Amino acid sequence: MDLQEFTEANAPIDDGDGFQKENNRLLDIPVDGTVMVKAGSMIAYTGDITFTGKSSAEGGITGFVKEAVSGEGTPIMEAEGNGHLYVAENGKKVQVLELDDGESISVNGNDILAFESSVEYEVNTVSSLSEMAAGGLTNVYLSGPGEIALTTHGDPLVMTPPVRTDPDATVAWSANLSPSIETNKMIEIGQTSGESIQMEFTGSEGFVVIQPNEEGSVTQSQNQ
């Protein structure tokens, strides 16, 4: 294609309010006020937008209590102003969800991309996992109303409990679930592997989101 065709074919699509996927791996956020995004995810913006780091409870929003976990957290920044903000993360696919008032979801901290300022958030760890692997698994509890954006390596698979998952491949789960951690002794024999630690989701309600890729946080922590 010629230059004009290229620019027209790949120009931003103005499709109204709310989170809009420009493509499977890039999110356009129309900003008119404030929005929360993962630090380092901004790739471009138009208009007048300022960014402020958020690492603790501020402005009435439940924030990150890093000291209560492992000294780690998911760095978040507040984008404020007017314009269009474009965010992405390492070519991962973007998943946009709408949380109604009272709806909640727990998301792996590695997989948070953005959420509206109306969404309340709180960070903690899966305590039993943090005892097995340095740093544990930081997860973000999000409560609506508002839109949120997650990222996944490839297309996600949504499963209904009972199910056991690899923590490194687990993206999110419904707030009514409380996973326990199991250790597979047979896998531990003769090798060190992320599969030796598994998250167990029981019951018959709710959902668990997994991805066809291991983030590597737990496995790396075991191998270090």
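User: Among contacts in the protein chain between residues at least 6 apart in sequence, what percentage join residues at least 24 apart?

Analyst: This is a predicted model, where local features need pLDDT of at least 70, side-chain atom pairs count only at pLDDT 80 or more, and totals for chains, interfaces and linings use all residues. Residues are numbered from 1 along each chain as its sequence is written, and side-chain values use heavy atoms, with hydrogens and water left out. A contact means heavy atoms within 4.5 Å. Of the contacts between residues at least 6 apart, the share joining residues at least 24 apart is 79%.

User: Which residues touch the most other members of the largest nonpolar core?

Analyst: A nonpolar core is a set of buried Ala, Val, Leu, Ile, Met, Phe, Trp, Tyr and Cys residues joined through side-chain atoms within 4.5 Å. Buried means under 20% relative accessible area, exposed over 50%, partly exposed in between (1.4 Å probe, protein chains only). The largest core has 17 residues, and those touching the most other members are I105, V107, I112, F115, L142, I148 and A172.

User: Is W173 buried or exposed?

Analyst: W173 pairs with F201; the ring centres are 5.6 Å apart and the planes at 55°, so the pair is tilted. Rings of Phe, Tyr and Trp (its six-membered ring) pair if their centres lie within 6.5 Å; planes under 30 degrees apart are stacked, over 60 edge-to-face, the rest tilted. F201 has 1% relative accessibility and counts as buried. At a relative accessible area of 3%, W173 is buried.
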